[in-house]
Amino acid sequence: MRSEMIVSSSLGRSTPWNGLRALGAVIRREWTIFLRYPSWIVSLFVWPIIFPMGYILTARALSGVDGSGLAQFQATTGLTEYVGYLAVGTMIWMWQNMVLWNVGYALRNEQLRGTLESNWLSPTWRFAYLLGSSVPQLVSMLTMLFISGLEYALIFGVHFSGSLGLVLLVILASIPAVYGLGFAFASVVITAKESNAFVFLVRGIVMLFCGITYPLAILPEWMQAVSKWLPQTYIIHAMRSAALSTEGFGGIAHDLELILLFGAFWLAAGFALFNRMERRARQTGAIGQY
Amino acid sequence: MSDLAIEAHQLVKKFPARTSAGGDKKAEGESAPAKRRGFWPFGKKEPKIMFTAVNGVDLEIHRGEIFGLLGPNGAGKSTTIRMLCTLLEPTSGTARVNGFDVVKQANEVRRNLGTLLAGERSIYWKLSGRENLEYFAALYHIPPAVAKKRINELIERMEIKDRAGELVEKYSTGMRQRIAIAKALLARPPILLLDEPTLGLDPQAARRLRELIAELKQEGHTILLTTHYMEEADLLSDRIGIIDQGKVIALDSSENLKQRIGQKEVIRLELTGWHDDLADKLKNITGIEALTAHQQGEADLWEVNMQSQNSRSALPRIVEHISGNGTRLVNLNIVKPSLEDVFIHLTGKALRD
């Protein structure tokens with residue numbers, strides 16, 4: 001027998017403010033879960049030292065213990081601070097790498113846990129899940145970049161002769177390009193299901209073509225041509241200039257323009273791919289498939 | 001306001017069928033527009049084989065009723081539900097939830113639906129029960145003051161007050177399921193969609209959940225319930241739809257469905273040493289219909305159900321056939337048809353097959 005009493009509407013109210021609160025809730029959720037896995041200590045404090053160590057020791061061996069081989073390096077790069085040079089390159093590589101793993105796999109991990117569907121069933125704007133997952137990642141990465149800088153200065157004796165303001169400006173300008181690529185990646189991963197090979201490919205390309213440990217001048221011409229189409233090339237160059245040289249804003253202005261252009265492209269591409277994935281998932285049922 | 005909470009008309013969902021490496025088709029279906037093989041754009045086009053998961057489902061669920069949707073795995077039950085809750089877009093046909101179109105007004109549909117899909121996996125195990133509810137309250141755009149009151153109310157109701165601050169990973173399956181249900185109830189939605197709500201629960205937790213579902217109906221919620229458990233559907237549902245091979249093959253109250261079998265009785269045997277030859281022999285006995293057999297647990301104990309217009313005349317032949325050849329009769333009953341027997345009568349197979 002049917003009930004006499006009928007519930008006719010829900011308690012939810014769609015307003016822009018409630019939409020923002022939902023985005024805030026995604027950020028808070030992601031941050032809370034992040035802190036509950038103690039491995040974040042490793043990624044923030046240990047990894048930034050371990051990763052560039054191999055390159056630094058190799059460079060020390062090649063330059064000679066007394067640094068007599070550094071003249072050639074200085075002639076090519078205009079810098080004497082080769083540890084700082086390697087540290088900045090590897091820091092940017094780590095940033096992009098972690099964005100690919102964390103932001104790129106944010107939705108996929110939800111899918112594997114089984115929570116993606118329950119998020120998708122709410123009336124919240126779906127891009128908010130990806131955007132919200134990226135914010136704690138960005139905060140932890142900025143913290144890592146700051147800690148890395150401190151560690152390089154204190155442990156390796158790197159002298160950052162540039163400007164902290166310009167470093168922050170480069171980081172800020174790089175966010176759209178680095179995270180736009182992450183958004184695009186997240187959308188591909190959710191339909192492709194398994195994309196470790198793509199992460200390895202993309203980070204391998206960045207490692208080879210963007211000069212994380214060597215100047216681009218030593219690459220063959222065709223590789224230099226490819227590197228011009230990768231935003232990480234300009235991010236690394238601008239960051240080295242901002243952190244290690246005294247050229248000032250003039251030294252990074254051109255790089256910033258290109259970084260912002262790439263950022264606009266990758267953000268638009270990430271958003272478009274997300275919408276396409278979302279539409280396709282409704283047609284194929286991909287959201288609920290593990 | 002229409003009297004219908006959910007209505008679906010000629011709902012169809014087709015998926016591209018998966019084919020094995022050798023090209024053997026795992027699912028039969030009709031062709032869709034041709035698609036070229038791989039990345040090479042000039043190769044010969046292959047017709048895409050489509051698998052029809054839902055094939056013209058019509059449903060009308062009234063406000064304030066519990067509607068049970070029954071069907072074996074792969075019958076189209078989950079696909080139908082996923083279309084109703086906007087996770088899937090229908091290939092054709094229309095559906096409305098609380099008056100809103102599932103394709104054109106998907107967000108309104110989501111606002112009016114509380115869903116329990118994937119049970120305990122639908123919540124975050126690294127958050128506490130309360131944190132989960134606070135998170136989902138924000139996603140459902142419930143104003144903070146209202147959300148706070150509602151969360152406290154649900155925590156009390158689900159009897160998890162003492163442990164609401166603990167991480168979900170420390171909860172039992174039953175407690176996790178209660179949090180998942182509280183999540184579905186957060187926005188006090190007019191319509192609840194509960195997919196296998198008692199799956200994996202111990203008998204006591206399942207009974208408590210069935211009581212809760214009955215209470216929710218009394219409070220004015222419309223409930224669409226899917227379950228494998230016939231007794232559960234029988235107990236809770238005002239009307240039942242039986243879905244098989246993508247079609248609703250029967251839709252009525254439980255009593256009316258049982259009357260469809262008419263005067264038939266069900267002969268229920270429990271025996272050991274079951275073999276396929278015996279099934280053939282029993283099926284050939286005059287007056288025996290719809291035989292199903294399934295193993296009881298891991299031991300060699302089988303339950304065999306047969307429908308018959310006249311069990312008294314069939315019994316001597318049955319006993320004769322099962323004597324010998326290593327088969328041993330453990331128990332024999334003649335019972336009135338249950339919903340499961342209706343299902344067997346309509347589909348020729350047991351729900352658990």
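Helices (H or I, at least four residues) and strands (E, at least two) are DSSP runs, numbered from the N terminus. By that rule chain A has twelve helices and zero strands. Read from the N terminus, its elements run α-α-α-α-α-α-α-α-α-α-α-α.

This is a predicted model, in which local features need pLDDT of at least 70 and side-chain atom pairs count only at pLDDT 80 or more, while totals for chains, interfaces and linings use all residues. Residues are numbered from 1 along each chain as its sequence is written, and chains are lettered from A and ligands numbered from 1 in the order in which they are written.

Start with chain A as a whole. Its C-alpha atoms fill a box of roughly 90 × 40 × 35 Å along the principal axes. Of its 290 residues, 41% are buried. A residue is buried if 20 or more other C-beta atoms lie within 10 Å of its own, exposed if 12 or fewer, and partly exposed in between, with C-beta atoms placed from the backbone. Two residues are in contact if their C-beta atoms, placed from the backbone, lie within 7 Å. Among the contacts in chain A with a separation of 6 or more, 80% join residues 24 or more positions apart.

Now take one helix pair. Two packed helices are described by the angle between their axes and the distance between the axes. Axes are lines fitted to C-alpha atoms, for helices over the stretch in contact, and angles run from 0 to 180 degrees between N-to-C directions. In chain A, helix H8 (residues 164-192) and helix H11 (residues 231-244) have axes that come within 9 Å and cross at roughly 170 degrees. H8(A) and H11(A) are therefore roughly antiparallel, the term for angles over 145 degrees. H8(A) brings residues including A:Leu166 and A:Val170 to the contact, and H11(A) brings residues including A:Ile235 and A:Met239. The contact residues divide into ten nonpolar, one polar and no charged. Ala, Val, Leu, Ile, Met, Phe, Trp, Tyr, Cys and Pro count as nonpolar, Asp, Glu, Lys and Arg as charged, and the others, Gly among them, as polar.

Next, the meeting of the two chains. Chain B gives 45 residues and chain A gives 38. On the chain B side, H3(B) supplies the largest share, five residues. That side divides into 21 nonpolar, ten polar and 14 charged residues.

Finish inside chain B. B:Thr173 lies in helix H5 (residues 173-185). B:Thr173 is partly exposed, because 14 other C-beta atoms lie within 10 Å. Not counting residues up to four places away in sequence, B:Thr173 touches B:Glu120, B:Gly200 and B:Leu201.

How values were computed: Angles under 35 degrees count as roughly parallel, over 145 as roughly antiparallel, 65 to 115 as roughly perpendicular and the rest as oblique.
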